[in-house]
Amino acid sequence: MAGSVPQRATALIRPAPVPGRHRSGAPALLLLPFFVLFTAVTLAPIGYAIHLSLYSEKRSGLGFGGVQRVFSGLGNYTSALGDQAFLDGFGNLALYCLFYIPLMIGLSLLLALLLDSALARAKRFFQLALFLPHAVPGIIAALIWMYLYTPNVSPVVGAMESAGLEFSMLGNPVPAVVNIAVWEWTGYNMIIFFAALQAIPRELLEAAVVDGAAPLRVALSIKLPLIRPSLVMACLFTVIGSLQLFTEPMILHGAAPDVVTSWTPNMYAYTAAFERNDYGLAAAASVLLALAAAALSFLVTRLSGGRSGKAKGAEA
């Protein structure tokens, strides 16, 4: 009997088997549909675009010998980078981002801070009203604004002309495109910032008010640092979306003479593929645009990570 007590104690302290420890294949099985779909709709198209960009199509026999696909290596990339129209598209895109990103992010943040303030009333109504433009499809929004921009058609332009104000939004397409994008995406990012502000503990804000902090001081010193991850995410997605600019200038192309078919890199690739039937050049332009998006995304995350690290070090 004395010898059986230690055995019982050992049995009691022996760790119980963890359920599912030997089921290591269950997570892989659950993740399998995602990886299959990701490979089919993302990795495979990227791989095919890279493959397509390495070939050029040559016509032989005065056009009667058919089309031959010839390996050209980096020839399509050098052709795209050597084309001034492609480079001008990046210049237009840089000018667009210079105005659009600070304006849209700043306006979204300002509206979110106003809705989060204690003095705001009818918050649900203003959230819905500000978000509704994002619910309008981009093509419909561009058509609406093109109607409002067109002289002799738009009631806004007509009212301005009757008041003696001569101003044409279609004369300089950058402000016109920026205005459409700001109208579409301000409410969307405002909802993201407002949700992040609502997650801040109210006790922290009340303590700051008790200590004598003014509303502006609370917003700049407490609210903004605490929603930094949401700001970084919104900036990252905005940079990626800005590089994919296509719908708005493509719609304005019929009314604005300065919006040419290569006004953005996406429009350049579209024109090369579907108007000139040069799929290799279009694929090369798309790959270069994807590389630019990846580089800018990496830069945004590095800068935001470095700033957050400095802020944490200062707080410590």
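Reader: At what angle do helix α6 and helix α7 pack?

Author: This is a predicted model, where local features need pLDDT of at least 70, side-chain atom pairs count only at pLDDT 80 or more, and totals for chains, interfaces and linings use all residues. Numbering runs from 1 along each chain as its sequence is written, and side-chain values use heavy atoms, without hydrogens and water. Helices are DSSP runs of H or I with at least four residues, numbered from the N terminus; axes are lines fitted to C-alpha atoms over the stretch in contact, with angles from 0 to 180 degrees between N-to-C directions. The axes of α6 (residues 138–149) and α7 (residues 155–162) are 6 Å apart, and the packing angle is about 20°.

Reader: Is α6 roughly parallel or antiparallel to α7?

Author: Angles under 35 degrees count as roughly parallel, over 145 as roughly antiparallel, 65 to 115 as roughly perpendicular and the rest as oblique. The angle here is about 20°, so the orientation of α6 to α7 is roughly parallel.

Reader: Which residues of α7 make the contact?

Author: Contact means heavy atoms within 4.5 Å. From α6 come Y147, L148 and Y149, and from α7 P155, V156 and V157.

Reader: Is the crossing of α4 and α8 left-handed or right-handed?

Author: Helix α4 (residues 84–116) and helix α8 (residues 173–198) pack at about 35°, with axes 7 Å apart. A crossing is left-handed if the near helix is turned anticlockwise from the far one by less than a right angle, and right-handed if clockwise. The crossing of α4 and α8 is right-handed.

Reader: How do α10 and α11 lie, parallel or oblique?

Author: The axes of α10 (residues 215–226) and α11 (residues 228–243) come within 4 Å and cross at roughly 60°. That makes the orientation of α10 to α11 oblique.

Definitions and conventions
Helices (H or I, at least four residues) and strands (E, at least two) are DSSP runs, numbered from the N terminus.
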